[in-house]
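Hi everyone, thanks for making time this morning. I'd like to walk you through one model, and you can follow along on the screen.

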Amino acid sequence: MASWVVVLTGGIGSGKSLVANRFEEKGIAIVEQDDLSREIVEPGQPALEAIAERFGIEILDEQGALRRGELRQRIFENPEHRKWLNQLTHPLINQLTRQRVQEAKSTYVMVVNPLLGGRSEIYDRVLVVDTPVETQIKRTMQRDNISEALAQEMVKSQVPRDYRLKLADDIIHNDGRIEKVHSQIDSLHRRYLFLSIP
């Protein structure tokens with residue numbers, strides 16, 4: 001079991017997956033909260049039933065799975081919907097996160113939390129991937145095939161960049177050059193191995 005936990009965060013389109021994948025290549029267990037958020041709304045899960053009850057059966061596809069794009073559109077159009085969904089899903093995601101951290105076998109474990117809004121006692125270190133907002137918007141449009149207006153709204157709905165940087169113990173600057181990102185990760189990994197020694 002890993003007893004030392006790094007939380008990795010950053011805005012949408014900042015390159016969190018690139019960073020997490022590099023740490024995973026080094027043998028570090030990764031707990032992706034985006035994956036857990038999908039897990040808790042799989043068919044048959046209570047959270048999915050609650051979502052269908054609130055938004056109507058049309059929020060599900062023919063197989064009974066969640067239409068994630070449809071839900072995303074609705075919660076970005078209505079702050080009350082977003083608040084309700086967060087209150088439903090966040091406790092379930094946090095519970096699963098703790099479970100997966102307990103199960104991790106690596107020297108330390110990394111939790112990828114895109115929505116980190118503050119420090120938590122379960123995290124020993126906060127690592128932020130930082131990218132200019134204009135780059136975030138451009139990458140999000142390309143990745144999700146969405147309009148600039150929706151991409152801007154998604155960036156705006158997240159924790160502000162300045163606040164995220166104030167939370168950081170460590171920062172990876174992602175300007176798009178992978179070699180530079182990898183070099184920063186390699187240095188941090190060595191540091192984390194040292195810091196995680198009991």
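Let me start with a question: is Lys 156 buried or exposed? Lys 156 is exposed, since its relative accessible area is 64%, and the cut-off for that word is over 50%. Before I go further, please keep in mind that this is a predicted model.

Let's stay with that lysine for a moment. Its side chain meets the side chain of Glu 153 in a salt bridge, at 3.9 Å from N to O. Both residues sit in helix H7, which covers residues 148-156, and because they are 3 residues apart there, about one helical turn separates them. Glu 153 is partly exposed, with a relative accessible area of 34%.

That brings me to the salt bridges in general. The count for this model comes to 19, and I'll pick out a few.

Take Glu 58 and Arg 74, which form a salt bridge with their closest N and O atoms 3.5 Å apart. Glu 58 is in the loop between H3 and H4, while Arg 74 is in helix H4, so this pair ties together parts that lie 16 residues apart in sequence. Glu 58 counts as partly exposed, at 46% relative accessibility.

Next, please find Arg 72 and Asp 144, whose side chains meet in a salt bridge at 3.4 Å, N to O. Here the link joins distant parts of the chain: Arg 72 belongs to helix H4 and Asp 144 to helix H6, 72 residues apart. Arg 72 is partly exposed, with 27% relative accessible area.

There is also a network of salt bridges, and it links Arg 22, Glu 25, Lys 26 and Asp 186.

Now to the pockets. How many residues line the largest pocket? The answer is 49, and those nearest its centre are Asp 34, Ser 37, Arg 68, Pro 114 and Leu 115. H5 provides the largest share, 9 residues. As for volume, the largest pocket has about 1500 Å³.

You can trace its lining on the screen: Glu 39, Ile 40, Gln 45, Pro 46, Ala 47, Leu 92, Gln 95, Leu 96 and Gln 99. Helix H3 (46-55) and H5 each supply at least two of the residues in this lining. Which helix gives the most here? It is H5, with 4 residues. By class, the lining of the second largest pocket holds 5 nonpolar, 3 polar and 1 charged residues.

One last stop, back on the surface. Phe 194, Leu 195 and Ile 197 form a nonpolar patch there, and together they have about 330 Å² of accessible area. Leu 195 lies in helix H9, which spans residues 178-195. At 34% relative accessibility, Leu 195 counts as partly exposed.

Key. Residues are numbered from 1 along each chain as its sequence is written. This is a predicted model: local features need pLDDT of at least 70, side-chain atom pairs count only at pLDDT 80 or more; totals for chains, interfaces and linings use all residues. Side-chain values use heavy atoms; hydrogens and water are left out. Patches are made of residues with over 30% relative accessible area and no salt bridge: like charges are joined within 9 Å, nonpolar side chains (Val, Leu, Ile, Met, Phe, Trp, Tyr) within 5 Å. Accessible areas come from the Shrake-Rupley method with a 1.4 Å probe; for residues, only the protein chains shown count as cover. A salt bridge is a side-chain nitrogen of Lys or Arg within 4 Å of a carboxyl oxygen of Asp or Glu. Buried means under 20% relative accessible area, exposed over 50%, partly exposed in between (1.4 Å probe, protein chains only). On a 1 Å grid over the protein atoms alone, a cavity is a set of points where a 1.4 Å probe fits but cannot get out, and a pocket is an open set with protein on both sides within 12 Å along at least five of seven lines; lining residues have an atom within 4 Å of a point. Grid points are joined across faces, edges and corners, and a volume is the space filled by probe spheres set on the points. Ala, Val, Leu, Ile, Met, Phe, Trp, Tyr, Cys and Pro count as nonpolar, Asp, Glu, Lys and Arg as charged, and the others, Gly among them, as polar.
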